[in-house]
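Hello,

Here is the structure I promised to pass on. Have a look at it first, and then read on for what I found.

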Amino acid sequence: MDNLLFVYGSLMENFFNYKYIKDKVIYRKYARTKGKLFHQVEKGYPAMIEGQDFVYGELIKLDDWDNTIKLLDKLENYFGERNPENEYNRVVICVETLDDKKTYKAFAYSFNLKDRKNFLVKNIYIQSGNW
């Protein structure tokens, strides 16, 4: 997968968590993937869940992958595959770059949806897919 990560929220360039990866970004391309995007009102950051909308963000290639992904796992409250305590799950998705329409496989942090009804009531659906 070539150390690729799709980001759609606070890890994007110039957002508040970008500082954690800014020195590790080899390149960045604007991109999109399938899903549904929400703004989590009580937390102040977005959540992507499964869906058929487009979610827009950045496809980034990271240097020092092993150390960087460990840092991001901690930031995203990802404790391991299928761990029910995960806030986000690290998943492999298909991502399309906007400039050349190429498709890549990349990791992304998808929200670990435990209570769909409650989640949909409490958070704001972002129809544009762009946080």
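D66, K70 and K74 are exposed on one side of helix 1, in this model, which is a predicted one. On the other side you will find the buried residues of the helix: W65, T68, I69, L72 and D73.

Now to the core. The largest nonpolar core has 34 residues, and L5, F6, I21 and L62 touch the most other members. At least two residues each come from strand 1 (4-7), strand 2 (25-40), strand 3 (45-62), helix 1 (65-75), strand 4 (88-97) and strand 5 (103-111). Strand 3 is the main contributor, giving 7 residues.

As for strand pairing, strand 5 has two partners to look at. With strand 1 it pairs in the parallel sense, over 2 bridges, and here L5 stands opposite F107. With strand 4 the direction is antiparallel, and 9 bridges join the two; R90 stands opposite Y109 in strand 5. The hairpin of strand 4 and strand 5 has 5 residues between the strands, and among them K101 takes a positive phi near 60°.

Enjoy exploring it!

Best wishes

Notes. Residues are numbered from 1 along each chain as its sequence is written. This is a predicted model: local features need pLDDT of at least 70, side-chain atom pairs count only at pLDDT 80 or more; totals for chains, interfaces and linings use all residues. Side-chain values use heavy atoms; hydrogens and water are left out. A nonpolar core is a set of buried Ala, Val, Leu, Ile, Met, Phe, Trp, Tyr and Cys residues joined through side-chain atoms within 4.5 Å. Buried means under 20% relative accessible area, exposed over 50%, partly exposed in between (1.4 Å probe, protein chains only). Helices (H or I, at least four residues) and strands (E, at least two) are DSSP runs, numbered from the N terminus. Two strands pair if DSSP finds at least two bridges between them.
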